[in-house]
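Open the model in your viewer and keep the selection tool ready. The tour goes one selection at a time.

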Amino acid sequence: MISGDARRTVLRRGSRKGPAKLGVCPLCGRTLLDPEIDHMQPISRQGTDFAENLWVICRRCNRTKRTQTRYEFELRMSES
Ligand SMILES: [Zn+2]
């Protein structure tokens, strides 16, 4: 479970700089209409619920990413 503190940290961080710039999805570059907090390293693959492992991406990317890591997903995006 993502704690309220971690959630707030990620959303606050996203409003300025960092991996999750709120307003634009860092993965697809589209406007974040449905921002969702995602685990860069999925929980099912030993990821944590700490803010360092969380970022904000759009719902669409979140659904596509599933249990891939952030790096696997970015690699796949750059190949297609
Ligand atoms: Zn996206």
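Select strand 2, residues 54–58. Both of its faces are covered: Leu54, Val56 and Cys58 are buried on one side, and Trp55 and Ile57 are buried on the other. A residue is buried if 20 or more other C-beta atoms lie within 10 Å of its own, exposed if 12 or fewer, and partly exposed in between, with C-beta atoms placed from the backbone. Strands (E, at least two residues) and helices (H or I, at least four) are DSSP runs, numbered from the N terminus.

The model is predicted: local features need pLDDT of at least 70, side-chain atom pairs count only at pLDDT 80 or more, and totals for chains, interfaces and linings use all residues. Residues are numbered from 1 along each chain as its sequence is written.

Two strands pair if DSSP finds at least two bridges between them. Pick Ile37 and look across to its bridge partner in strand 2, Val56.

Now go to the loop between strand 1 and strand 2 and select Asp49. Is Asp49 buried or partly exposed? It counts as partly exposed because it has 14 C-beta neighbours inside 10 Å. Leaving aside neighbours within four places in sequence, Asp49 is in contact (C-beta atoms, placed from the backbone, within 7 Å) with Met1, Ile2, Ser3 and Ala6. Select Arg7 too: it is 42 residues from Asp49 in sequence, and their C-alpha atoms are 9.4 Å apart.

Finally, show the whole protein chain, whose elements run α-β-β-α-α from the N terminus. Of its 80 residues, 19% count as buried.

Key:
Two residues are in contact if their C-beta atoms, placed from the backbone, lie within 7 Å.
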